[in-house]
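Q: I would like to learn how to read a protein model, one feature after another. Could we go through it together?

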Amino acid sequence: MKRYVLVLLALVLFAGITSVLLEWRVNQKIVVCASRPATAVHTRENELLWRVHHGGDITLADVQPIRKFVDSRYDCSDFRLQSVLRILYEYGDQLSPDIHHELKRMLLDFKYWMTEPGNDGMCFWSENHQILFAAAEYLAGQLYPKDVFTNNGETGQHRMDQARMRILSWLRWRWLYGFSEWYSNVYYVEDIAALSNLIDFAQDEEIVRKSQIILDLLMYD
């Protein structure tokens, strides 16, 4: 009996060790998601927007930190895109060709939703991120409708079509159910950034009008 128990324990121990080793081998092949840098990264996109709005110049050195941050797909890259899009829409004709090329490549190479291929460390699903990603995708597609966006091989027009559905769904949910992040002054700022860009730059009348309504509700709240 004792021998039977010892054999059984040995088999269980062997199976356990084998399972751990196999799991370890599998885990070694997993690509680690891009995480935020240990030290703060000062991308300064809002400062650049302020500067160009007041007639100042932007250099390649100014946009490199933004490009590096967004290309690395760190969390909150979608925050940065709002100011970048406003710079391109409002002041694109004032930018030098090389800077315009840098910002355009950043938009064309970006991952705009969780269903797309590629490694990232970005949060997509919460309320503010939903509208930030959708607004960025729509406005980038509208800006470059015939260009191919490299992350999924789709044209800007296709980007607009799929982002439009997410934008209108988000606006409808806010109308019906209100805001789930109503307690956060931080995330309200991000909602306002995305809605303001859609109101100012989207060429779709339905998106513009419904964005105005929801922004009015947010301000009233």
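Q: How do the residues of the lining of the largest pocket divide into nonpolar, polar and charged?

A: Rolling a probe the size of a water molecule over the atoms shows where empty space is left. Here the lining has four nonpolar, five polar and four charged residues, where Ala, Val, Leu, Ile, Met, Phe, Trp, Tyr, Cys and Pro count as nonpolar, Asp, Glu, Lys and Arg as charged, and the others, Gly among them, as polar. This is a predicted model, in which local features need pLDDT of at least 70 and side-chain atom pairs count only at pLDDT 80 or more, while totals for chains, interfaces and linings use all residues. Residues are numbered from 1 along each chain as its sequence is written, and side-chain values use heavy atoms, with hydrogens and water left out.

Q: Where is Asp120 found, and is Asp120 buried or exposed?

A: Asp120 is in the loop between helix H5 (97-109) and helix H6 (127-143), helices being DSSP runs of H or I with at least four residues, numbered from the N terminus. With a relative accessible area of 11%, Asp120 is buried (buried means under 20% relative accessible area, exposed over 50% and partly exposed in between, with a 1.4 Å probe and protein chains only).

Q: Which side chain does a polar contact join to that of Asp120?

A: The side chain of Lys111 is joined to that of Asp120 by a polar contact of 2.6 Å (a pair of N or O atoms within 3.5 Å; within protein, one must be able to donate a hydrogen and the other to accept it, and residues adjacent in sequence count only if both atoms are side-chain atoms). A polar atom of the Asp120 side chain also lies 2.8 Å from the backbone nitrogen of Met122.

Q: How many disulfides does a search of the whole structure find?

A: A disulfide is a covalent bond between the sulfur atoms of two cysteines. The search finds zero, the cut-off being a pair of cysteine sulfur atoms within 2.5 Å. The cysteine sulfur closest to that of Cys76 is in Cys123, and at 8.0 Å it is too far for a bond.

Q: What is the phi of Cys76?

A: Most residues other than glycine have a negative phi. Cys76, in the loop between H3 and H4, has a positive phi near 75°, and its relative accessibility of 13% makes Cys76 count as buried. Arg44 has a positive phi too, near 60°, but at 32% relative accessibility Arg44 counts as partly exposed.

Note on methods: Helices (H or I, at least four residues) and strands (E, at least two) are DSSP runs, numbered from the N terminus.
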